[in-house]
Amino acid sequence: MVASASSFGSLPQPNGAPMPPPEPILSPPGYKFPHQNLKRRLTRPDRVPLVLVACGSFSPVTTLHLQMFELAEKYVKQNDPGFEIVGNYMSPCSDAYEKASLAPASHRIQMCSLAVDTDSKATITIDPWETVRLDDSGKPLYSPTVDVLRHFDHEINNVLGGIETLDGTFTTARVMLLIGADLAATMADPKLWDPSDIDVLLGHYGAFVVERTEDAIAPLKKYNKIWVVPTIVNEVSSTRVRAQIQNGERVEDIPDSVYKYIKLHHLYQKKPTTNGNPVEITNGKTD
């Protein structure tokens, strides 16, 4: 899909007026936004600062999750769409997601941190914001993806004041999703996504979609803030990794440090129950 940094603007409403920017979303008490890897100053003139955010369960994090950022960086350098990537973030979802194969947030945060720390090429920061949000009763609070991007937008552009340009002025960083084609394809389904959320996610913010062809995201072509990042054919997924671990197979699609952590904490294992049928263990306990 052809797009450029200059195509940014507010999504038009039916009456032709621009859609106002999403309202900022506040963070829980005690939370501090991690920005140690955020480039606070552009290194090239006439570039739009870009922050890529990958949301997901990361249960567990795989090598493909890390490679998506590398592919996006390569795409920006080779195709010159007018951006300079100043930040790469992974945002693990809350335990409120309640997926059967979801390891506790503390484990997923640690595995993501290990994966990033052991990858010499990674400039990715793990943001625990989704996992530390609680409702009034103290239970984990689920954060829609649109709220996650609002959070990054607020922290980087409102709290930190944006990104410094070469002439010493500050400009707004563009926050975008970094997602795979399979997830992008589901965004056209109103049963899975609120259409008003998609208007904000893809109409106001935008996305870099890592996929092999553009066919999967054809239903989203009305949005002009989607950049398609080509990749190689692969079968890497967290689902496949979990199955390999449960079957005692050799796992090559996760960093070695993450594999050792999984074995140490007995994550994603199966053990027989009293009737002999195996059940999955995600956190050392049976579901």
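A word on terms to begin with: helices (H or I, at least four residues) and strands (E, at least two) are DSSP runs, numbered from the N terminus. This is a predicted model, and local features need pLDDT of at least 70, side-chain atom pairs count only at pLDDT 80 or more, while totals for chains, interfaces and linings use all residues. Residues are numbered from 1 along each chain as its sequence is written, and side-chain values use heavy atoms, with hydrogens and water left out.

With that, arginine 133. This residue lies in the loop between α3 (129-132) and α4 (145-159). Arginine 133 is buried, where buried means under 20% relative accessible area, exposed over 50%, and partly exposed in between, with a 1.4 Å probe and protein chains only. A salt bridge is a side-chain nitrogen of Lys or Arg within 4 Å of a carboxyl oxygen of Asp or Glu.

Arginine 133 does have a polar contact of 2.7 Å, side chain to side chain, with serine 143. A polar contact is a pair of N or O atoms within 3.5 Å; within protein, one must be able to donate a hydrogen and the other to accept it, and residues adjacent in sequence count only if both atoms are side-chain atoms. Leaving aside residues up to four places away in sequence, arginine 133 touches Ile25, Pro28, Lys139, Pro140, Leu141, Tyr142 and Ser143. Contact here means heavy atoms within 4.5 Å.

Aspartate 147 has a salt bridge with arginine 150, the closest N and O atoms being 2.6 Å apart. These two residues are three apart in helix α4, so about one helical turn separates them. Arginine 150 and aspartate 147 are both buried.

How many salt bridges does a search of the whole structure find? The search finds six. I will show two others. Arginine 47 pairs with aspartate 80 in a salt bridge, with closest N and O atoms 3.0 Å apart. Arginine 47 lies in the segment before β1 and aspartate 80 in the loop between α1 and β2, so the pair ties together parts that are 33 residues apart in sequence. Arginine 47 counts as buried at 17% relative accessibility, whereas aspartate 80 is partly exposed at 40%.

The other is a salt bridge between aspartate 95 and arginine 108, again with closest N and O atoms 3.0 Å apart. Aspartate 95 is partly exposed, at 32% relative accessible area, and arginine 108 is buried, at 0%.

Now the strands. Two strands pair if DSSP finds at least two bridges between them. Strand β1 (residues 48-56) pairs with strand β2 (residues 83-92) in the parallel sense over nine bridges. Between them the chain passes through helix α1 (residues 63-79), and this β-α-β crossover is right-handed: with the strands pointing away from the viewer, the path from the first strand over the helix to the second runs clockwise. Within this pairing, leucine 52 stands opposite asparagine 88 in β2. β1 also pairs with strand β6 (residues 174-180), in the parallel sense over four bridges, and there valine 53 stands opposite leucine 177.

Asparagine 88 also comes up with glutamate 70: the two are 18 residues apart in sequence and 9.9 Å apart in space, C-alpha to C-alpha. Glutamate 70 is in helix α1 and is partly exposed, at 31% relative accessible area.

Leucine 102 sits in the loop between β2 and α2 (105-117). Is leucine 102 buried or exposed? It is buried, with a relative accessible area of 9%. Leucine 102 and leucine 267 are 165 residues apart in sequence, and their C-alpha atoms are 9.8 Å apart.

In helix α6 (residues 195-205), the buried residues include Ile198, Val200, Leu201 and Leu202. Just after α6, glycine 206 takes a positive phi of about 115°.

Last, the totals. The protein has eight helices and ten strands, and 47% of its 287 residues count as buried.

Technical notes. Lys, Arg positive; Asp, Glu negative; His and termini not counted.
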